[in-house]
Amino acid sequence: MFELIITADKGYGLFATQDIKRGTRIIAEEPMLVLPSDVNTSSLYTYLDKLTPDQHAQLSDLASTKHVAPPTLKQSIRQRLQAKYSGAALDAAVEDSLKMHCTFLTNTVYMGPDVCFGMGIFLNYSHMNHSCRRNVHNSYNPTIGKETVHAIRDIKAGDELLTSYIHTGLLIKEDRQKMLAEHWGFDCRCEVCDGPDAAECEQRRERLQRIGEGLAVYERHDRILTNFAPHPVPKDDAQALAWLEESVGLLKEEGLAEHNLVHAYRQCSEYALKLGQAAKAMAYARKELEVERVCLGDETDHMEEGMEGAKFWIRHLEKMSEQEAVKDRMNQKREAKEQKKNDKKAAKKAAKGKK
Ligand SMILES: C[S@@+](CC[C@H](N)C(=O)[O-])C[C@H]1O[C@@H](n2cnc3c(N)ncnc32)[C@H](O)[C@@H]1O
């Protein structure tokens, strides 16, 4: 469905070779290399020294942005290699080790929530460039042991497949640019940052950020925090739900029909439930499931084990509505019994009166 093409200004990138429908699984690949989540620049060499020649060759094909390496790295690599090499061989070994370090820092993908499955490098996915309005969603799927990439909207043949390197919620341009420059060494010129609608995009993302901040304060249930919050906070559950419904609209306008939208639908569902609107809660849960399937596909057993994911939430709502139905039936029975008793009493009274 895609090919690797050299671009004018971003190095290599992946481009669609055919029209790709929303929800299509474009990539499912195992990592070529996995390192533990606690590896840092000083312990990384112990892993890089153990690379097989094949892995070394594969890593050499990936982008290596010098910018991402800490300034002291070259010096520490040289000190480490001095015991083994000297002269020109030392210079070459230092350059190679530095390149491998930078390749790793440029291309690692965090696998699983809190990087619980480690940091992986992938033959295909690692060639994908960034956009602040991505057209694919990537995630590591422990049920199948693969990194998957799905189209989150229809993609035309010839379009570049673009992911987002930033997973930390919705950020305004300044914060996004700072992160991208610091970690990946480039100035983002995507349509959201630099396109003709950039100003409107920024307004939407600012509003989304405000909503997120307001809700975070609201959910702490702390009067002092609420009173001193720098921005408005919803006054009750109904307003919280209204704000979340607004954020669903904004996310769709921004083309962010991915994990942010999944999360927003879940929050809508939870608030609707709190407000006693069971049908609305279920409708939002079903929307969550639809977007989750687009982003992840159907193999989401791992999420159900952790009592998360839309399928778990739907089952939970169904159980609750079953319990409510049982409660309703019991209440109806009790009320009918009481009614009968009262009718009997009234009839007796009426009979006495007649006598
Ligand atoms: C994971 S690699 C992506 C693939 C890379 N272009 C290649 O040649 O294999 C990340 C690097 O690609 C480049 N890159 C990714 N997205 C970019 C963008 N939107 N604009 C400019 N450069 C980008 C940056 O150099 C970044 O450090």
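**Chatting through helix packing, domains and a ligand shell**

Visitor: In what kind of crossing does α3 pass α4?

Guide: α3 passes α4 in a right-handed crossing (right-handed is when the near helix is turned clockwise from the far one by less than a right angle, left-handed when anticlockwise). Helices here are DSSP runs of H or I with at least four residues, strands are runs of E with at least two, and both are numbered from the N terminus. Bear in mind that this is a predicted model, where local features need pLDDT of at least 70 and side-chain atom pairs count only at pLDDT 80 or more, while totals for chains, interfaces and linings use all residues. Numbering starts from 1 along each chain as its sequence is written.

Visitor: OK, and at what angle do α3 and α4 pack?

Guide: About 130 degrees, with the axes of α3 (residues 73-81) and α4 9 Å apart, which makes α3 oblique to α4. Axes are lines fitted to C-alpha atoms, for helices over the stretch in contact, and angles run from 0 to 180 degrees between N-to-C directions. Under 35 degrees counts as roughly parallel, over 145 as roughly antiparallel, 65 to 115 as roughly perpendicular, and the rest as oblique.

Visitor: Which residues in α3 and α4 meet?

Guide: L73, K74, I77, R78 and L81 in α3 meet L90, A93, V94, S97, L98 and H101 in α4 (contact is C-beta atoms, placed from the backbone, within 7 Å). By class, that contact has seven nonpolar, two polar and two charged residues. Nonpolar covers Ala, Val, Leu, Ile, Met, Phe, Trp, Tyr, Cys and Pro, charged covers Asp, Glu, Lys and Arg, and the others, Gly among them, are polar.

Visitor: Into which domains is the chain divided?

Guide: Domain 1 is 2-174 and domain 2 is 187-316 (bounds come from an automatic or database domain assignment). Their centres, taken over C-alpha atoms, are 29 Å apart. At the interface, 21 residues of domain 1 are in contact with 26 of domain 2. On the domain 1 side, β8 (136-141) and β9 (146-151) each supply at least two residues, and β8 gives the most, with three. That side divides into six nonpolar, ten polar and five charged residues.

Visitor: Last one: which residues come nearest to the ligand?

Guide: G11, Y12, A63, N129 and W184, out of 19 residues around the ligand (C-beta atom, placed from the backbone, within 6 Å of it). The elements giving two or more residues to that shell are β2 (12-16), α4 (87-107) and β7 (129-130). By class, the shell has eight nonpolar, ten polar and one charged residues.

Key
Contact = placed C-beta atoms within 7 Å.
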